[in-house]
Amino acid sequence: MTEKLRLGVNIDHVATVRNARGGDNPDPLRAALMAQDAGADGITAHLREDRRHIRDADMAALKDKLSIPLNFEMAATAEMRDIALRTKPHAVCLVPEKREERTTEGGLEVARQANVLADYFAPLQEAGCRISLFVAPDRDQVEAAHRIGAPVIELHAGAYADAWAEGRWADRDAEQKRLVDMAIYGHQLGLEVHVGHGLTFDSVGPIAALPQVRELNIGHFIIGESIFMGLDGAIREMRVRMDAARA
Ligand SMILES: CC(=O)[C@@H](O)[C@H](O)COP(=O)(O)O
Ligand SMILES: NCC(=O)COP(=O)(O)O
């Protein structure tokens, strides 16, 4: 039987709106608690080095108040590891970060810095955090993640999502195939496979349908859609679409 597909709701862009004016509103913790009530299986938040959305205090509050798992996305820096060791989230997802990028553009380079990364995340694993590596759907990266002992990969769905959004159907099909192939390969290796970045009501179905995928992390679209249908409504609709595709 196909296992339940978990939905991790990323609340970063609630903080983007808050930070546009300063002050405390809207509060990402309030959004996370509402997401929890709407059926989210976990909350994802990305503490960027430049603190453009989520801040240190948000992470601490999320860890303190949530009863569902917190997935702490971060760059592999000494500063972030110290914060994660203090916060002790359920999961740490290591992502590549560039200060000048608008969003996470690519996957983590695992294959060429395998030993460095393994040494980097060992203390986090010892502290009980589940390590996930945010990688492009690329065989070398998936294989390297497995080789260095990461239990989880999150496949970067950005190229697939962009092709959907721009109506480039041949590219969409090619990117979907890359995700399918790497979900199957990662699963064969024994990795837990997650997928995230840029997914929408339209693009989620073919990915949710993959039995090898255990979790989707979705943020920007859900937060944007909540302007029109409420956060609760947007999360429930995403869940309906995921479940329909899974069935
Ligand atoms: C790694 C990743 O995909 C997420 O962190 C997400 O896209 C939200 O953060 P940004 O929008 O700041 O990239
Ligand atoms: N790891 C991907 C994530 O958390 C959500 O990405 P997005 O839906 O905000 O693009």
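Reader: Which way do L70, N71, F72, E73 and M74 point from β3, and are they buried or exposed?

Author: This is a predicted model. Take the directions to start. L70, F72 and M74 point one way from β3. N71 and E73 point the other way. In a regular strand, side chains alternate between the two faces of the sheet. As for burial, all of these residues are buried. Five of the five residues of β3 are buried, so the strand is largely enclosed by the rest of the structure.

Now look at the setting. Eight strands close into a barrel, and their pairing is parallel. The order is β1-β2-β3-β4-β5-β6-β7-β8. On average, neighbouring strands of this sheet are turned by 25 degrees against each other, direction ignored.

Strands of a sheet pair through backbone hydrogen bonds. Strand β3 covers residues 70-74. Take β2 beside it, residues 42-46: four bridges pair β2 with β3 in the parallel sense. Here H46 stands opposite E73.

Next comes β4, residues 91-94. It runs parallel to β3, and four bridges join the two. N71 stands opposite A91 in β4. E73 stands opposite C93 in β4.

Finally, follow the chain. Helix α3, residues 56-65, forms a right-handed β-α-β unit with β2 and β3. Helix α4, residues 78-87, forms a right-handed β-α-β unit with β3 and β4.

Notes: Residues are numbered from 1 along each chain as its sequence is written. Chains are lettered from A and ligands numbered from 1 in the order in which they are written. This is a predicted model: local features need pLDDT of at least 70, side-chain atom pairs count only at pLDDT 80 or more; totals for chains, interfaces and linings use all residues. Two strands pair if DSSP finds at least two bridges between them. Axes are lines fitted to C-alpha atoms, for helices over the stretch in contact, and angles run from 0 to 180 degrees between N-to-C directions. A residue is buried if 20 or more other C-beta atoms lie within 10 Å of its own, exposed if 12 or fewer, and partly exposed in between; C-beta atoms are placed from the backbone. A crossover is right-handed if, with the strands pointing away from the viewer, the path from the first strand over the helix to the second runs clockwise.
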